[in-house]
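This briefing concerns a predicted model and is arranged by topic. Please keep the sequence and the structure in view while reading.

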Amino acid sequence: KAERKSAYAEVVTFVDTTDWMPRQVDLFDSQGEHIKRMTFRNVVREGEVLIPVVIVMENRKRGTRTEARVDTYELNLPAADLPDAIFTTEFIEGDE
């Protein structure tokens, strides 16, 4: 297999040791500059499953941020109930 290269030289993940859920990921470039931060907020528990309902990605270089919110979710669906189309780039980007 070809080696996959990351756009980031270093990735530092902060994990909550009470539930082992990542809470923050800091991304650094090859010069060691802290360029991005992803934060997992408002984590809810559904049985044994932890769900971050707010994920924020901050681009520290550009001074911008993107926030993703989960409004609804379903857990433990059978694979047969998941149509292949939802795993395409077009679906994810909303072009379908």
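Strand E2 (residues 21–28) and strand E3 (residues 34–46) pair in the antiparallel sense over five bridges. Strands (E, at least two residues) and helices (H or I, at least four) are DSSP runs numbered from the N terminus, and two strands pair if DSSP finds at least two bridges between them. The model is predicted: local features need pLDDT of at least 70, side-chain atom pairs count only at pLDDT 80 or more, and totals for chains, interfaces and linings use all residues. Residues are numbered from 1 along each chain as its sequence is written, and side-chain values use heavy atoms, with hydrogens and water left out.

**Strand pairing and hairpins**

- E2 and E3 form a hairpin with five residues between them. In its turn, Gly32 has a positive phi of about 85°.
- E3 also pairs with E4 in the antiparallel sense, over ten bridges.
- Arg41 has Val54 in E4 as its bridge partner.
- The hairpin of E3 and E4 has two residues between the strands, and Gly47 takes a positive phi near 65° there.

- Most residues other than glycine have a negative phi.
- Trp20, in the loop between strand E1 (10–16) and E2, has a positive phi near 60°.
- Is Trp20 buried or exposed? Trp20 is exposed, because its relative accessible area is 62%; exposed means over 50%, buried under 20%, and partly exposed in between (1.4 Å probe, protein chains only).
- Asn42 lies in strand E3, and its phi is positive at about 50° although Asn42 is not a glycine.

**Surroundings of Asp26**

- Asp26 belongs to strand E2 and has a relative accessible area of 5%, so Asp26 counts as buried.
- The side chain of Asp26 makes a polar contact of 3.3 Å with the side chain of Gln24. A polar contact is a pair of N or O atoms within 3.5 Å; within protein, one must be able to donate a hydrogen and the other to accept it, and residues adjacent in sequence count only if both atoms are side-chain atoms.
- Not counting residues up to four places away in sequence, Asp26 touches Glu10, Val11, Val12, Phe14, His34, Lys36 and Arg37. Contact here means heavy atoms within 4.5 Å.

**Surroundings of Leu50**

- Leu50 is found in strand E4 (residues 49–59).
- Which residues does Leu50 touch, not counting residues up to four places away in sequence? They are Asp19, Met21, Val43, Val44 and Arg45.
- Leu50 and Asp19 are 31 residues apart in sequence, and their C-alpha atoms are 8.5 Å apart in space.

**Salt bridges**

- Side chains of opposite charge can pair when their charged atoms come close. A salt bridge is a side-chain nitrogen of Lys or Arg within 4 Å of a carboxyl oxygen of Asp or Glu, and by this rule the count comes to six.
- Asp29 is buried because its relative accessibility is 9%, whereas Lys61 is exposed because its relative accessible area is 57%.
- Glu67 meets Arg65 in a salt bridge (3.5 Å, N to O), and Glu67 also meets Arg69 in a salt bridge (2.8 Å, N to O).
- Glu67 is partly exposed at a relative accessible area of 33%, as is Arg65 at 48% relative accessibility. Arg69 has a relative accessible area of 55% and is therefore exposed.
- Asp16, Asp19 and Arg23 are linked in a network of salt bridges.

**Nonpolar surface patch**

- Val49, Val70, Tyr73 and Leu75 form a nonpolar patch on the surface, with about 260 Å² of accessible area together. Patches are made of residues with over 30% relative accessible area and no salt bridge: nonpolar side chains (Val, Leu, Ile, Met, Phe, Trp, Tyr) are joined within 5 Å, like charges within 9 Å. Accessible areas come from the Shrake-Rupley method with a 1.4 Å probe; for residues, only the protein chains shown count as cover.
- Val70 is in the loop between strand E5 (64–69) and helix H1 (89–92). Its relative accessibility is 33%, so Val70 counts as partly exposed.
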